[in-house]
Amino acid sequence: MTTISSDSPKTQVNRILPLIEKNYNNNVDSDYTEKIEDLDKNFKYSSNSNHYWREPEHSLFYGTPLYQQASLSQKLSLNHLSWIFLYRKVADSEMEITHYNTITADCLIAANSDYEILVKTLAQETAQERKHIHAFYQVSYQTTIALLGKKALINSASKNCSEPDWKRTQIDNYLSSSANFVNQMTFQKKEQYHAENLKQGKDINKHISLTTQGFFNGTLGHSSQSLRQFFPLNWGSYPFLAANFYAVRYMANLLLKSFEFNIHNYYKKLERNQEFIPIPTSISHYHFLDESFHTTTSLFLGRDFYKYLPKPSIYEKFIANLAILQAQRENLNGFSAVLPYYFLRDDGYMIGFMMKLLQSPLFDMSATEALHWIEKCLCHEHEGFHLNLKLHNHLLTELRKFAENLDYLWPINREMRVMASGGSIKKAIQNNITIFRKFSQAL
């Protein structure tokens with residue numbers, strides 16, 4: 001005779017919730033966010049400009065012919081700019097998280113009042129993200145003014161460089177987007193209202209149309225307004241898909257961890273050697289520690305929690321797989337020739353900024369000289385390609401380990417095939433040759 005297990009889905013969920021509560025309490029008891037706030041208030045670029053903020057080999061242009069002939073002061077500047085570029089993506093992603101944390105928490109608490117700890121956890125993390133974002137903006141603004149001047153802050157909306165206006169770059173968008181930060185702060189007052197609208201099927205297009213270009217808006221598709229509406233509507237409507245959002249968030253957490261762990265280690269090395277620790281390095285160190293709690297939340301919700309919810313429909317499984325697939329396509333489909341830990345399809349998002357950088361007082365090149373060096377860095381094999389391919393493959397391994405735990409995934413997602421297909425130096429160079437040709441013709 002078959003015995004019916006008393007270990008019901010609700011009992012299983014109740015085993016997970018205490019783990020989430022423990023993680024929440026550990027987060028509340030920590031003081032990492034407060035340390036980041038203090039560092040933010042005390043940052044002055046002039047006091048940190050003569051030191052590397054991360055290991056030199058993780059600098060912008062490292063391993064390229066340009067880096068080989070750069071002066072020490074130029075190498076320091078390129079090291080600082082690499083920090084800015086990566087934290088642009090982090091800041092945008094965290095701005096997006098402040099929205100998606102709220103709509104998923106609202107969905108889960110509506111499904112079961114026992115999930116109150118999830119709401120508390122996500123509210124705590126959202127408050128911390130706002131403090132993180134402010135620190136990233138502070139460092140980036142001051143650094144860019146010091147290195148490139150105020151002209152570098154002239155706003156032009158960022159677009160993929162396959163489009164005609166090559167003057168539009170990601171860094172422009174980030175450094176001139178103080179309005180985004182102001183808007184993000186106002187979300188705190190509006191989140192509950194919009195989450196309620198989401199449940200009622202009301203028009204939420206304006207709220208979803210964030211101008212950020214972080215990991216999650218990348219997942220939604222940079223050029224697809226319909227996808228920007230479609231995924232949030234589903235993440236905020238179905239408990240299974242709310243949990244699926246945290247699988248996507250865990251992918252972003254692993255990407256962040258992949259480069260921030262190295263800065264954390266650099267911080268520890270400076271500390272052991274009793275050397276000066278630059279404020280941006282310290283911000284990265286404490287952000288790494290703060291985000292460890294958020295990563296744990298993503299893991300519990302994305303890997304474990306969904307298994308004890310009602311079985312997903314065919315439709316829900318389809319949307320969940322589509323979200324993971326989009327995350328691969330838009331964020332992890334290649335790697336950069338000039339920026340470590342940058343895994344977009346090609347360097348189209350970098351090339352306009354590279355032109356501006358090389359013609360700035362930092363390098364003082366003519367347009368012809370700048371094009372010459374851009375072509376050498378993007379379109380020919382060099383050490384930088386091999387370094388970033390190694391970093392790409394390490395992250396691929398970590399993502400595959402995670403995906404093995406998700407029983408609803410299609411093979412293309414469980415094996416991270418889209419990301420794997422981008423792990424080719426030959427393909428990266430071919431893509432960059434196409435991008436460079438279009439760029440030089442446009443000029």
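Student: What makes Lys376 count as lying over the face of Trp373?

Tutor: Lys376 lies at 6.0 Å from the ring centre of Trp373. A charge sits over a ring if NZ of Lys or CZ of Arg is within 6 Å of the ring centre and within 35 degrees of the ring normal, and Lys376 is therefore placed over the face of Trp373. This is a predicted model, in which local features need pLDDT of at least 70 and side-chain atom pairs 80 or more, while totals for chains, interfaces and linings use all residues. Residues are numbered from 1 along each chain as its sequence is written, and side-chain values use heavy atoms, without hydrogens and water.

Student: Why is the pair of Phe43 and Trp53 called edge-to-face?

Tutor: The ring centres of Phe43 and Trp53 are 6.3 Å apart and the planes stand at 80 degrees. Rings of Phe, Tyr and Trp (its six-membered ring) pair if their centres lie within 6.5 Å, with planes under 30 degrees apart stacked, over 60 edge-to-face and the rest tilted, so this pair is edge-to-face. Both residues lie in the loop between helix H2 (32–42) and helix H3 (65–68), so the pair ties together parts that are ten residues apart in sequence. Phe43 and Trp53 also belong to a cluster linked by ring pairs, whose members include Trp83, Phe136 and Tyr341.

Student: Why is the pair of Tyr238 and Tyr315 called tilted?

Tutor: The centres of Tyr238 and Tyr315 are 6.0 Å apart and the planes are at 55 degrees, so the pair is tilted. Tyr238 lies in the loop between helix H10 (225–235) and helix H11 (239–272), and Tyr315 lies in helix H13 (residues 314–331), 77 residues away in the chain.

Student: What makes up the lining of the largest cavity?

Tutor: The lining divides into 13 nonpolar, three polar and four charged residues. Nonpolar covers Ala, Val, Leu, Ile, Met, Phe, Trp, Tyr, Cys and Pro, charged covers Asp, Glu, Lys and Arg, and polar covers the others, Gly among them. Helix H4 provides the largest share of this lining, six residues.

Methods:
Helices (H or I, at least four residues) and strands (E, at least two) are DSSP runs, numbered from the N terminus.
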